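Hello,

Here is the structure I promised to pass on to you. Please have a look at it first, and then read my notes below.

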Amino acid sequence: MANPISFSGLLVLCLCIIAIASDNSPLQDFCVADPNIAVLLNGLACKDPKLAQASDFSFSGLHIVGNTSNAVGSRVTPVTVAQLPGLNTLGISFARVDYAPWGVNPPHTHPRATEILTVLKGSLEVGFVTSNPENRLITKVLQKGDGFVFPVGLIHFQRNVRPGNAVAVAALSSQNPGVITIANAVFGSKPDVDSDILAKAFQIDESIVKDIQSKF
């Protein structure tokens, strides 16, 4: 039989880990971010709540089609605490994603958030890859009205599989989810990651690594 003290300790540890795994809960009704306060916090400092206005909690522009004339054929319009200060401490943000025909939102991760994506227009192939050692691809083609969850920290992507434009909205479980686009981070870092390291990691010739780096 398990030691009750050990079990209690394990339960407390698990609860602590769960609490740490997401944004801190607010200790007041709201905490509108004030970027003018030069205090270093894990988040943003609050403005005086008496000075809060409706504009602190609203965002306009999600009806505007994003410009997808780029190499990957997609455009993300984020609404995080940087764009909507009323999100500060609330542990949520969202985004609009536009896709050109066959456009891709390339493999990326959100280090601080789980994402749920809903298709508003078109059809999207979506997927994520599980962690080592399985690296299993879980993928599905979504139609208008379908949703899909990308677990926090896992590499995921979307691709428009139709000749027409597509639109999706995403909700994320952090006011500042962060984004790491894999190709940009690996091949476009400043300064460059040594080509020998990447050649070994990807099992390709160094000349190919340098060619790819030149595109970023």
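Five strands make up an open sheet, ordered β1-β2-β9-β4-β7, and their pairing is antiparallel. Strands here, like helices, are DSSP runs numbered from the N terminus (E, at least two residues, for strands; H or I, at least four, for helices), and two strands pair if DSSP finds at least two bridges between them. The edges are taken by β1 and β7, each of which has a single partner strand, so one side of each lacks a neighbour in the sheet. From one strand to the next the twist averages 20°, with axes as lines fitted to C-alpha atoms (for helices over the stretch in contact) and angles running from 0 to 180 degrees between N-to-C directions.

Before I go on, a note on what you are looking at: this is a predicted model, in which local features need pLDDT of at least 70 and side-chain atom pairs count only at pLDDT 80 or more, while totals for chains, interfaces and linings use all residues. Residues are numbered from 1 along each chain as its sequence is written, and side-chain values use heavy atoms, with hydrogens and water left out.

Back to the sheet, strand by strand. β1 is joined to strand β2 (residues 93-99) by six bridges, and the two run antiparallel; Arg75 has Asp98 in β2 as its bridge partner. On to the next pair: seven bridges link β2 and β9, again in the antiparallel sense, and Tyr99 has Ala166 in β9 as its bridge partner. Strand β9 (residues 166-172) is mostly covered, with five of its seven residues buried. Buried means under 20% relative accessible area, exposed over 50%, and partly exposed in between (1.4 Å probe, protein chains only). β9 also pairs with strand β4 (residues 115-121), antiparallel and over six bridges, and here Thr118 stands opposite Val169 in β9.

Next, the aromatic residues. Three aromatic pairs turn up in the structure; rings of Phe, Tyr and Trp (its six-membered ring) pair if their centres lie within 6.5 Å, and planes under 30 degrees apart count as stacked, over 60 as edge-to-face and the rest as tilted. One of them is Phe128 with Phe148: the ring centres are 6.1 Å apart and the planes at 50°, so this pair is tilted. Phe128 sits in strand β5 (residues 124-129) and Phe148 in strand β7 (residues 147-150), so the pair ties together parts that are 20 residues apart in sequence. Both Phe128 and Phe148 are buried. Another tilted pair is formed by Phe187 and Phe202, at 5.3 Å centre to centre and 35° between the planes. Phe187 belongs to helix α2 (residues 182-187) and Phe202 to helix α3 (residues 195-202), so parts 15 residues apart in sequence are tied together. Phe187 is buried, at 9% relative accessible area, whereas Phe202 is partly exposed at 42%. Phe128 and Phe148 also form one aromatic cluster together with Phe150.

Finally, how many disulfides are there? The count comes to one disulfide, a disulfide being a pair of cysteine sulfur atoms within 2.5 Å. The bond joins Cys31 to Cys46, with 1.6 Å from S to S. Cys31 and Cys46 both lie in the loop between α1 (4-20) and β1 (74-79), so the pair ties together parts that are 15 residues apart in sequence. The torsion about their S-S bond is about -90°, so the disulfide is left-handed. Cys31 is buried, with a relative accessible area of 2%, while Cys46 is partly exposed at 36%.

Best wishes
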